[in-house]
Amino acid sequence: MSRYASIDPTRLRWFAEVAEQLHFTRAAKTLGIARQRLSATVIELENELGVRLFVPGAQPTQLTEDGADLLRAAREILSTPAESEPEARTPERLRVGFVPGVTVSKWERIWGERFPDTPLETVPIAAAEQRAALDDGRVDMCFVRQPIERDGLGVIPLYRELPVVVVPKEHEISLFDEVSVADLAGERLQDAADIDQAAVVL
């Protein structure tokens with residue numbers, strides 16, 4: 001076990017989750033992290049140890065003998081109460097960006113209930129910066145508005161928005177249940193294509 005004692009417990013726990021489930025996607029979902037991040041962690045461990053932990057290309061996922069050995073050690077290490085540490089470890093955190101018009105309070109509440117030990121940081125991002133924020137690592141994931149350049153990204157549609165008209169309460173249009181383009185004739189309109197500027201106006 002001494003060979004593995006210096007491995008960070010978080011990475012050891014992530015490996016053990018994959019080794020137990022033998023499924024990277026399900027393990028990542030259980031851990032509440034991105035699958036790519038989990039795969040990268042396993043690759044880092046293999047490089048550090050100089051061994052293969054999983055059989056390359058095996059379907060379904062299979063442990064190698066070295067992987068099975070590490071799993072046994074991981075179970076023992078993780079089940080042993082840690083001796084007094086000089087300072088508490090900084091918990092992993094998830095940084096989630098969101099563009100104008102997206103309300104993240106519901107997501108923050110649900111995350112707090114399901115993963116209380118992992119801080120969630122929400123980061124407001126201008127719509128014009130949504131791709132750049134992902135590329136340069138300012139956020140781990142982002143609530144974006146389409147269209148967005150999809151190359152290298154996993155994009156999951158969450159919902160479709162219903163276009164609405166925003167007017168002062170005293171405006172006669174505020175009494176309408178539905179509004180047509182003809183009803184807006186003569187009104188001063190804000191270009192909604194530029195969501196960042198529209199957010200400033202609102």
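A pocket here is an open set of points on a 1 Å grid over the protein atoms alone, with protein on both sides within 12 Å along at least five of seven lines, and lining residues have an atom within 4 Å of a point; the volume is the space filled by probe spheres set on the points, which are joined across faces, edges and corners, the probe being 1.4 Å. Residues are numbered from 1 along each chain as its sequence is written, and side-chain values use heavy atoms, with hydrogens and water left out. Because the model is predicted, local features need pLDDT of at least 70 and side-chain atom pairs count only at pLDDT 80 or more, while totals for chains, interfaces and linings use all residues.

- By residue type, the lining of the largest pocket has 23 nonpolar, six polar and eight charged residues, where Ala, Val, Leu, Ile, Met, Phe, Trp, Tyr, Cys and Pro count as nonpolar, Asp, Glu, Lys and Arg as charged, and the others, Gly among them, as polar.
- The second largest pocket has a volume of about 1,200 Å³, and among its 30 lining residues Val164, Val166, Gln190, Ala192 and Ala198 lie nearest the centre.
- Helix α7 (residues 195-201) contributes most to the lining of the second largest pocket, with four residues, and this lining divides into 21 nonpolar, five polar and four charged residues.

**Salt bridges**

- The model contains 11 salt bridges, each defined as a side-chain nitrogen of Lys or Arg within 4 Å of a carboxyl oxygen of Asp or Glu.
- One of them joins Arg11 and Glu48, whose closest N and O atoms are 3.0 Å apart; since Arg11 lies in helix α1 (residues 9-21) and Glu48 in helix α3, the pair ties together parts that are 37 residues apart in sequence.
- Arg11 is buried at 17% relative accessible area, whereas Glu48 is exposed at 52%, with buried meaning under 20%, exposed over 50% and partly exposed in between (1.4 Å probe, protein chains only).
- Arg11 and Glu48 also belong, together with Glu44, to a network of salt bridges.
- Arg93 and Glu121 form another salt bridge, with 2.5 Å between the closest N and O atoms, and this pair links the loop between α4 (65-79) and β1 to strand β2 across 28 residues.
- Asp140 meets Arg95 in a salt bridge of 3.4 Å, N to O, and because Asp140 lies in the loop between α6 (130-135) and β3 while Arg95 lies in strand β1, parts 45 residues apart in sequence are tied together.
- Asp140 is partly exposed, with a relative accessible area of 38%.

**The three-stranded sheet**

- Three strands form an open sheet in the order β2-β1-β3 with parallel pairing, and two strands are taken to pair if DSSP finds at least two bridges between them.
- Strands β2 and β3 are the edges, each pairing on one side only.
- Strands β1 and β3 run parallel and are joined by three bridges; Phe98 has Phe143 of β3 as its bridge partner.

Terms used:
Helices (H or I, at least four residues) and strands (E, at least two) are DSSP runs, numbered from the N terminus.
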